[in-house]
Amino acid sequence: MRASGRLQRLLRVFRGLRARFRHTLLRRRLDREMDDEIAFHLAMEAEKLESQGVDPAEARRRAAVAFGGVERHREALREGRRVPVLEPLVRDVRFGMRSLAREPGLTLAAVVTIALGVGATTAVFSVTRALLLRPLPIPEVDRLMSIQEQRSGAVSTGVEGMLIPYPRFEAYADATEGVFRSTAAVRLDGFALRLDDVTVHVDGALTSGGFFETVGIRPILGRVYTGDDDAEIVISHDLWLARFGGDPEVVGRRVALDGAAVTIVGVGPRGFRGVTAFADALWAPVGIRDLEPDSWGLRVVPLGRLADGVDRARAAAVVDAAAGAIPSDPNATIRGATLDPVQSVPVQGRGVVGAFLGLLLGLAVLVLLIAAANIASVLLARAFARRRETAVRLALGAGRARVVRHLLAEALLLFVAGGAAGVALAYLGTAALASIPLPPQAPVILDLAPDRTVLVFALAVTGGTGLVFGLVPALQASRPGLIGALRAGGWGATAGGGWTRDLFVGGQVALSVLLLATAALFAGSFRAGASVDPGFDAAGVVVARIDLGAPHDYDGGARLRFWSELRDRARAIPGVKSVGLAQLVLLSGDRWGGDVRAADDPDAPGVNAFSDFVGWGWFEALEVEIVEGRAFRPSDGPDAPPVAVVNQFAAERLWPGETAVGRRLRGAMNRSEEVEVVGVVRDGRYVFATEEPTAAVFQPLDQMSPTAASIHLRAPGSEARALRELGEIVRSMDADVALELAGPLEALIGFSLYPHRIAAGLVGAFGVVGLLLSALGLHGVLAHQVARRTREFGVRRALGAGTGDVVARVLGRGAVLAGAGCAVGLAAGWLVARGVGSFLYGVTPLGAPSLAAVAALLFAVAVGAGLVPALRAGRVAPARALRDE
Amino acid sequence: MSKSSNADVLRGTLDLLILTVLAEAPMHGWGISQRIQEGSKGLLEVNQGSLYPALQRLEQRGWVSSVWGTSDNNRRAKFYALTAAGTDGLTRETDEWRRYCGAVEWILEGT
């Protein structure tokens, strides 16, 4: 057999390795000592003979003769040197390999099974590690803290944590001088970086001068800025390579950042991308934003590096005390402040991300458990098939421990091979995961490839499950009672170890139901989310965000002219059917709004409404249906009366049962006066696809002229070209303005469904693997049983039982196992569904249809898996039983 | 190799003899073989081919330990000494041997 030949070769290699190990490590020293000892012996013997009058040369000869062949002794001593603990182990492993090589098909199936389980678990753990557990590449990152205030009132958090006004950061810096070696402020921001022939949007951070010292980062080229000169920036290693071709002359280069001339003074070290999971491409001093130094408007997160000898608790006490003592910004109530270690995902986000990844990890472990239970039941079957051999060995005096060791070695061999294959699978899996494009809103660079910690994890998981699931069958199959197997003649007996196998198989079925049920819930949730009618049509629409923020010298009128000219020129792009400007991009996570009220009923409760400023043409570009009244017109300009368009939900809440058009509402954004409703649009979804239906109020963009807006182009069939020409138009209008988040609208709105999509895909894959594995397990158990009971079936047939009787008997057993497993799995699935309810959308946790469907599917598969062995049993000829004798 | 007048040490008794010798004082391999030869008044001759493997075996069992030292005539030699486990083992093996010898004697006299 080729496989066994390969295994023989492997065995030889292994033996060679073992010998090399012993020889290279120990042989030299031991050999030298042995030679010394023999030499000493010969010298003493010769000396003794000399003292009896023999001449020295003859004495040496006789001593050597008396000792016998020196080389023979040396070999004997070397033989005796075998390490006593290792030797039996090596024998067990060799024994295990031989017996596995006898059944290459089974062995391969087992290895693949374990590989799937270990691979799934390891891949998910890799992601968890990359997101939550791997420290940022910052020296002594555990001593780098961020100050997180507990505030009420108007709060804003960024991915870097709770943002607080810059003056408060400065006050903290003064108050914590004793406990922090240095402090710095940071906030993420976006920039338009103008290079020779292109202006690009890059993500980066505004920092105070002490940032690099506090973080502990040295540039690989040039120097860092200290904050004295606001026109100096440091670029990341990634940006240096991507945009400057790794040019060593980049230091001193002048570029335009948001329209301001700045000098690149340094390049950060490779791998350093800031203090969050989001990748910074550059760092600029906060002063670049031209804000007044004492402005409450600039919001930052304070960082501090603990001084030597100061622990976190002491620094936290100082920070908390300072929080109440330093001047507070207006309209804010500060309850205190805590210190959090700087982590890629800040403390506010860790709960959700952790719960989500924990759920995935738990489900991956289920796959592993199914795989392990599968292997255990196969091993048990094999052990019982060999119970005569085992019984003979026990009877001949082999200790039970020794038999257990043999069986365990076999199991561990399978698990080690499977674990290695599983790690390879995990590499492939994480590579596949990494290739799924992240939503453009999340410029995260995740290194998902398994590292050493992940490998250790895989090893521990593999070893642990191998030990547990290998030990159970080994103990079962080596029970002393097995001696009875000798007497029983080694066939026909149905008892022994049966219930353990049943448990393993039933457990597999139960776990598979659980997995599939969860997968069905997530798939249902994703489907429900994806099939939600958002109230607009994103297909064929490309979008780009344009920021005319502070550093560009645009006042309200200039912005209005810019947006107006941009709209007119964009409409002229060939292939563009309609153009709409809006402050926000729907379903991209952008959120804005407040309470609105009907003006004619001062006592009516406010209705919380999503709010957006949209230009005329926007409703047309997004194909938002006007159900009543009109859309905005070019005439709804800054000097025209303020108007609004509301959705049906808002109209129904504000003026139940009446028409909304022509009514007035209060509380519209940026408007203290009443606003007239001129139209009603069909309901849609605004922030997330999975949100509850909500009220929405739209106001004309021209009556607000925001500093940043997103331009939507409906250009079916020529999306890429439209976007390219849009870029050229913007550049010709202002070379210091960059297109941001430019791309198909569908990519942006995929953001809100991203976790659902990942979960549905992953859990679905887990579920399919689990289903296959348990079908295999059930098939194995029944097939094995049929083989064992061949004689019994023969006798039954001889006594008049029909084929149907025998088939039903085997199938019935499979059905009982599958049924019991399904019942347990359904109960567990119901519990899990309640637990993961917060991750789901549009499916009830009790999603009875999906749970029942899963159970029915699994039951059908299980019975199908039993069909082949059952039919085989039905074909047993009566005479067969007698021949078997 | 052995002279006709001398008997090779019986298999299985060599360990016992080594332990007995080491119970008096730590000793190197050559010394052990000399002591057995002298102690048996030249009746028993230790085959070197079994002495050193036996020492190795006893060491692996933890009954003797070894250390490199200097012999009486200033040569580097490997000295073997009895461990606590070896002392216990010696007592047990001695009892065992006495019972065995008694049994053999009893049978020989009975026939």
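This is a predicted model: local features need pLDDT of at least 70, side-chain atom pairs count only at pLDDT 80 or more; totals for chains, interfaces and linings use all residues.
Contact here means heavy atoms within 4.5 Å.

**Stop one: the whole interface.** Display both chains and select the residues that meet. In chain B, 21 residues are in contact with 19 residues of chain A. About 1,900 Å² is buried between the two chains, with carbon and sulfur atoms giving 57% of that area. Next, select Trp30(B), Gln48(B) and Tyr52(B): together they supply 33% of the area that chain B buries against chain A, more than any other three residues.

Now colour chain B by secondary structure. Helix 2 (29–39), helix 3 (48–61) and strand 5 (76–82) of chain B each supply at least two residues of the side that touches chain A. Helix 3 of chain B provides the largest share, 6 residues. To view a salt bridge, select Glu47(A) and Arg75(B), whose side chains meet at 2.5 Å, N to O.

**Stop three: Glu33(A).** Move to helix 1 (residues 2–51) of chain A and select Glu33(A). Is Glu33(A) buried or exposed? Glu33(A) counts as buried because its relative accessibility is 18%, and the cut-off for buried is under 20%. Leaving aside neighbours within four places in sequence, Glu33(A) is in contact with Trp68(B) and Lys78(B). Finally, show the side chains of Glu33(A) and Trp68(B), which make a polar contact at 3.5 Å.

How values were computed:
Residues are numbered from 1 along each chain as its sequence is written. Chains are lettered from A and ligands numbered from 1 in the order in which they are written. Side-chain values use heavy atoms; hydrogens and water are left out. Buried area is the accessible area (1.4 Å probe) that two parts lose on being put together, summed over both. A salt bridge is a side-chain nitrogen of Lys or Arg within 4 Å of a carboxyl oxygen of Asp or Glu. Helices (H or I, at least four residues) and strands (E, at least two) are DSSP runs, numbered from the N terminus. Buried means under 20% relative accessible area, exposed over 50%, partly exposed in between (1.4 Å probe, protein chains only). A polar contact is a pair of N or O atoms within 3.5 Å; within protein, one must be able to donate a hydrogen and the other to accept it, and residues adjacent in sequence count only if both atoms are side-chain atoms.
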